[in-house]
Amino acid sequence: MRDFAYHRADDAAGAVALVAADPDARFLGGGTNLVDHLKLGITSPGTLVDVSRLPLDQVEELPDGGLRVGTNVRNSDLAAHPAVRRDFPGVARALLAGASGQIRHQATTGGNLLQRTRCVYFQDVTTPCNKRDPGSGCSALEGYGRYNAVLGLSEACVTTHPSDLAVALAAADATVVVLGPEGERRIPLVDLHRLPGHHPERDTVLEHGDLITAVQLPASAVARNATYRKARDRASYAFALVSVAAGLELDGEVVRDVRIAWGGVAHKPWRALLAEEALRGAVLTEDAVREAASAELAAATVTAQTAYKVDMVRNLTALALTRLAEGTGR
Amino acid sequence: MDVDLTLTVDGAERTVAVDTRTTLLDALRERLGVTNPKKGCDHGQCGSCTVILDGRRHLTCLTLAVAHEGAEVVTAGGLRGADGALHPVQQAFLDHDGFQCGYCTPGQVCSAVGVLDEVRAGHRSHVTEDLEADPELTDDEIRERMSGNLCRCGAYPGILAAVRQAGGAA
């Protein structure tokens, strides 16, 4: 591991100025992913600016019923917060479906969103990977591909984003508050992460020196009647094969509003807007959900190793929404 | 680059110079001689390095020592009471043979202490059916909450029984 300098930041603006001025500097949050990357040789910064002790660790209940979540709120604390459980159960479920008890105490809200892919080739520096080493090629195209994307992939990269939380936040219309060298700005969560295109080395639209300081969640009926379902190879402590964040507001049997976001299918949390559009105003039945999901999945690109994901995500979406309709699915 | 670091480890204040690249696990084991937390995978996948850090169960392999200036670390070796009696979780692991080789045990014990604290504090889990109701210490809850600690000997039935007993859910 390359030697690096360590600075503990006193304030967010100072941390941003330090990192922005040094192309070789990185923010250090909870560290669950970055420290592993240092060990694996995936990244070799010259300076780490530790932002994990900045006092951005509160969940603030806003007058309109929404929440402002400080970036340093730990995943376990966010899942346990009464307002999150009550008004954003899909977010609480997603957090609880991720990692282990120990890691949820360490992982931060902003860091969770900025974690990087667990593609085995990205994490193995002896293999080509366009995300880790642009232009070197993609080993996953013809290699182990069970976790590969089926939507929005490119020839340069076929990996998926690993976060559960990000998928639930995509369905909850969350906004990310970012502090950069030029000041603060807001980015809808669905626009934070990128599709790979020709530049899979860029996971997000953030520039060097941009620091996520908070996530804002607007209150809504679809956020309150929401859930998160995750399919994985073992019952606990594993990344998603596919996952579904769903929210539902019914008027009798008719869908007044609906949110669907998918994990494990793309380079970013995949907000299924076509499926949502197909369901709004329709009578909510299992068949209607399957048809809506199929409309979204018409664009899927599959291999022998990923074909299962199309059926799995459709099934999981049908399960999530029919249970929410029955009032038992939160 | 060396940095001075002060930690309280199992009740004793310890100061040591560490390279910034040192993980908390390596600082404890290699620099301070505290070998209770074990190095299993060293990548946050097995849980054998778990300690109680500032009151919560925490991995030590995925975190830099330098980020924990002033922290309080309690390892499985520091859980005994003032009278030397075993912690109820430790006693329960003995009572139920919650181990075979013992390598994962210090991490399992610290994690179990954390699990019981979290259930008392009302933290829900992935298998909690009703997010609005206080969680109960069912076997499914224990299995889910302990899933970050692997045991390659497969002593899970004993570990499950031990956590059940220590949690008063026997």
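**A note on two chains, A and B**

1. Let's start with one pair of residues: in strand β4(B), V51(B) has H58(B) as its bridge partner. The two strands involved, β3(B) and β4(B), pair in the antiparallel sense over three bridges. Two strands count as paired if DSSP finds at least two bridges between them. Helices (H or I, at least four residues) and strands (E, at least two) are DSSP runs, numbered from the N terminus.

2. Before you go on, two words about the source. This is a predicted model, in which local features need pLDDT of at least 70 and side-chain atom pairs count only at pLDDT 80 or more, while totals for chains, interfaces and linings use all residues. Residues are numbered from 1 along each chain as its sequence is written, chains are lettered from A and ligands numbered from 1 in the order in which they are written, and side-chain values use heavy atoms, with hydrogens and water left out.

3. Now widen the view to the sheet in chain B. Five strands form an open sheet in the order β2-β1-β5-β3-β4, with mixed pairing. At its edges stand β2 (12-19) and β4 (56-58) of chain B; each has a single partner strand, so one side of each is left without a neighbour in the sheet. From one strand to the next, the twist averages 40°.

4. Two helices lie across strands of chain B. Helix α1(B) lies across β1 (2-9), β2, β3 and β5 (72-74) of chain B and runs at about 110° to β2(B). Helix α3 (residues 105-120) of chain B lies across β3, β4 and β5 of that chain, at about 140° to β4(B). The axes are lines fitted to C-alpha atoms, for helices over the stretch in contact, and angles run from 0 to 180 degrees between N-to-C directions.

5. How many residues of chain B are in contact with chain A? There are 38, and they meet 40 residues of chain A; contact means heavy atoms within 4.5 Å. The size of an interface is often given as the accessible area lost when the parts come together. Here chains B and A bury about 3300 Å² between them, 51% of it on carbon and sulfur atoms. That buried area is the accessible area (1.4 Å probe) that two parts lose on being put together, summed over both. On the chain B side, R21(B), L62(B) and L131(B) lose the most area to chain A, together 20% of what that side buries.

6. The interface also has polar links. Between chain B and chain A, 23 residue pairs are in polar contact, both residues being at pLDDT 80 or more. A polar contact is a pair of N or O atoms within 3.5 Å; within protein, one must be able to donate a hydrogen and the other to accept it, and residues adjacent in sequence count only if both atoms are side-chain atoms. Four salt bridges are found across the interface, a salt bridge being a side-chain nitrogen of Lys or Arg within 4 Å of a carboxyl oxygen of Asp or Glu. D77(A) and R56(B) meet through their side chains in a salt bridge (2.9 Å, N to O). On the side of chain B that touches chain A, β4 and α3 of chain B each supply at least two residues. The largest share of that side, three residues, comes from β4(B).

7. Turning to chain A, look at strand β10 (residues 242-251). Seven of its 10 residues are buried, so it is largely enclosed by the rest of the structure. Buried means under 20% relative accessible area, exposed over 50%, and partly exposed in between (1.4 Å probe, protein chains only). Strand β10(A) runs antiparallel to β9 (residues 226-231) of chain A, joined by six bridges, and antiparallel to β11 (residues 254-263) of chain A, joined by nine. For instance, R229(A) has V244(A) as its bridge partner in β10(A), while G247(A) has R259(A) in β11(A).

8. Finally, which backbone angles deserve a look? In the hairpin of β10(A) and β11(A), with two residues between the strands, G252(A) takes a positive phi near 70°. D173(A), which is not glycine, has a positive phi near 60°; D173(A) counts as partly exposed, at 32% relative accessibility. D42(B) is not a glycine either, and its phi is positive at about 65°. At 18% relative accessibility, D42(B) counts as buried.
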